[in-house]
Amino acid sequence: MKFNTKVIHGKQQHEPATGSVMVPIYQTSTYAQSSPGKHKGYEYSRGENPTRDALENAFAAIENAKHGLAFGSGLAAIDCVIRLFSPNDHIIAGDDLYGGTYRMFTKIFSKYGLTFSFVDMNNPENVAKAITKNTKMIWLETPTNPLLKVTDIEAVTKIAKENNLITAVDNTFATPYIHNPLDLGADIVMHSATKYLGGHSDLVMGALMVNDNALHQQLKFIQFAAGAITGPMDSFLALRGVKTLAIRMERHSENGMKVATFLENHPKVAEVFYPGLTSHPNYEVAKKQMRSFGGMLSFKLKDNSQAAAFKLLENLNVFTLAESLGGVESLANHPSTMTHASIPEPERLKIGITESLIRLSVGIEDATDLIADLEQVLEMI
Ligand code: P1T
């Protein structure tokens with residue numbers, strides 16, 4: 001089944017009792033039993049719920065996975081993965097990560113004796129060099145948030161396999177429209193489904209997709225035992241969102257390229273980070289690995305002051321200044337004071353999150369309006 005069809009029909013079926021084309025919202029916490037332990041497969045909604053089941057199947061289908069799991073947020077999904085490990089286990093992560101992921105690793109799990117190394121995955125050799133006898137997993141985002149660095153997933157998973165390590169890929173920015181990390185050798189795919197999978201900025205949700213049955217059982221146990229599930233209403237909204245993922249991503253990618261090209265040619269812009277531009281340092285890997293380049297990009301102003309960035313952000317009309325990404329509407333964000341403020345300043349500056357760095361989530365509006373909006377704010381600074 002091709003991707004355009006898979007998002008609508010993959011592992012999805014009509015509700016058997018009535019033929020309802022959309023899966024109903026089973027808004028229930030529990031299920032009647034005829035005798036203790038005798039029931040129709042459903043006991044309690046932390047364990048299973050038919051609307052969530054339908055969504056988890058759809059999530060599995062779009063990532064070419066056997067199993068999907070849905071959580072109350074992207075961070076709850078990451079939390080579930082990290083709970084696979086024990087004190088002294090070591091995890092290698094990319095040095096450019098969503099600020100909340102970095103905060104969870106360094107502020108929460110470090111306390112429990114897990115250790116983390118953050119390496120530049122532009123060069124997969126850096127991953128190989130960071131492996132110790134305690135290393136258990138490689139965690140990577142590609143493209144990264146917010147600098148859009150692209151990691152060669154096949155090269156990293158090859159190193160992981162040679163060293164018996166799990167690879168987990170946060171595929172939030174790319175989405176399965178652009179690549180399927182499990183097909184490239186990864187063991188776990190993670191999404192903040194809050195973003196493109198939901199697609200309408202109306203829910204907060206996380207997803208994990210895996211092929212290995214034993215790994216699925218471990219993760220499902222943690223989901224049930226720790227309890228960070230998503231509810232039936234949000235499951236319904238996400239199921240509805242996923243159906244238009246392919247067509248939305250087509251437009252996000254088209255607009256992303258147009259906006260990136262406009263910015264790259266603007267005299268007030270110092271640098272644009274978009275994997276579809278030939279000037280991107282990882283363009284060759286991106287071209288090999290990505291089916292299109294998506295709607296996320298960042299740029300730096302020649303005037304590298306916070307005041308210039310703030311002036312631009314405060315005067316946008318079509319773009320909304322807000323955290324998050326991946327919805328139909330275009331958003332702008334200031335990583336150093338918003339999404340990545342939890343990363344200590346020296347670390348932020350070291351990887352390139354400077355005062356004038358602005359991140360755009362390019363929506364599916366008409367690109368002409370988006371470019372006109374950016375043009376008028378760039379004129380002001
Ligand atoms: O917000 P939540 O659904 O918990 O997802 C966390 C998360 C994980 N991974 C990536 C790559 C992300 O971008 C996020 C959330 N990011 C934002 C809110 C943001 O504006 O970057």
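Predicted model: local features only at pLDDT ≥ 70, side-chain atom pairs only at ≥ 80, totals over all residues.
A polar contact here is a pair of N or O atoms within 3.5 Å; within protein, one must be able to donate a hydrogen and the other to accept it, and residues adjacent in sequence count only if both atoms are side-chain atoms.

Residues are numbered from 1 along each chain as its sequence is written, and side-chain values use heavy atoms, with hydrogens and water left out.

| Residue | Its atom | Distance to a ligand oxygen |
|---|---|---|
| S324 | polar backbone atom | 2.8 Å |
| L75 | polar backbone atom | 2.9 Å |

On its own the ligand exposes 470 Å², and the protein buries 93% of that (accessible areas by the Shrake-Rupley method with a 1.4 Å probe).

Now for the shell around the ligand. It holds 18 residues, with D170, S192, T194, S324 and R359 the closest; a residue is in if one of its heavy atoms lies within 4 Å of the ligand. By type, the shell has five nonpolar, eight polar and five charged residues (Ala, Val, Leu, Ile, Met, Phe, Trp, Tyr, Cys and Pro are nonpolar, Asp, Glu, Lys and Arg charged, and the others, Gly among them, polar).

Why does the ligand lie between domain 1 (3-243) and domain 2 (247-378)? Because both domains give residues to its shell; their bounds come from an automatic or database domain assignment.

The loop between strand 4 (135-141) and helix 6 (153-162) contains P143, which is joined to T142 by a cis peptide bond with omega about -15°. P146 sits in the loop between strand 4 and helix 6 too, and the peptide bond from N145 to P146 is cis, with omega near 15°. Then there's S201, not a glycine, yet with a positive phi of about 50°; find S201 in the loop between strand 6 and strand 7 (206-210).

Note on methods. Helix = DSSP H or I, 4+ residues; strand = E, 2+ residues; numbered from the N terminus.
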